[in-house]
Amino acid sequence: LKLSRISRKLKENQKLEVEFAKAVVKDIVESCTSAETGARNIDAIIDRKITPDISTYLLGFMAEGKTPTHLKVGKDKEGNFKYTFNERGSHGETKTQ
């Protein structure tokens with residue numbers, strides 16, 4: 001639900017299509033199975049990691065005068081979040097973070 005809200009806001013405000021890989025969703029769900037922390041882990045992961053990371057990348061694109069059109073949030077080999085943007089700039093290249 002919370003990931004859907006982020007996707008909707010980015011679509012409405014930035015015209016950015018967002019896709020979350022199954023591994024990201026699985027990781028977030030697995031992190032909230034503990035009885036002690038539960039859904040607070042979801043909030044922590046999304047509000048303190050994913051959302052700030054996306055914001056930082058979008059500000060970087062804005063500073064460069066580029067407009068990303070699609071974002072895929074995945075996981076790298078080390079288990080860190082990976083952000084892959086497709087953007088339309090002067091050259092129409094793809095930028096991976």
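**Figure 1. The structure holds 3 aromatic pairs.** This is a predicted model. One of the pairs joins Tyr-57 and Phe-85, with ring centres 5.8 Å apart. Their planes stand at 65°, so the pair is edge-to-face; the cut-off for that class is over 60 degrees.

**Figure 2. Tyr-57 and Phe-85 by accessibility.** Phe-85 is buried, at a relative accessible area of 0%. Tyr-57 has 24% relative accessibility and counts as partly exposed.

**Figure 3. An aromatic cluster around the pair.** Tyr-57 and Phe-85 share one cluster with Phe-61 and Tyr-83.

**Figure 4. A lysine over a ring.** Lys-75 lies over the face of Phe-81. The distance to the ring centre is 4.4 Å.

**Figure 5. The protein chain has 3 helices and 4 strands.** Along the sequence, their order is α-β-α-α-β-β-β. Of the 97 residues, 27% count as buried. Among contacts with a separation of 6 or more, 46% come from residues 24 or more positions apart. The accessible surface is about 6,300 Å². Carbon and sulfur atoms account for 51% of that surface.

**Figure 6. Confidence along the chain.** The average pLDDT is 86, and 85% of the residues score at least 70. Strand S1 (residues 17-20) has the highest confidence, at a mean of 96. Confidence is lowest in strand S4 (residues 94-96), at a mean of 51.

Technical notes
Residues numbered from 1 in each chain as written. Predicted model: local features only at pLDDT ≥ 70, side-chain atom pairs only at ≥ 80, totals over all residues. Heavy atoms only, no water. pLDDT = per-residue confidence, 0-100. Helix = DSSP H or I, 4+ residues; strand = E, 2+ residues; numbered from the N terminus. Phe/Tyr/Trp six-rings, centres within 6.5 Å; stacked < 30°, edge-to-face > 60°. Buried < 20%, exposed > 50% of the residue type's maximum accessible area, 1.4 Å probe, protein only. Lys NZ or Arg CZ within 6 Å of the ring centre and 35° of its normal. Contact = heavy atoms within 4.5 Å. Areas by Shrake-Rupley, 256 points an atom, 1.4 Å probe, with all protein chains shown as cover.
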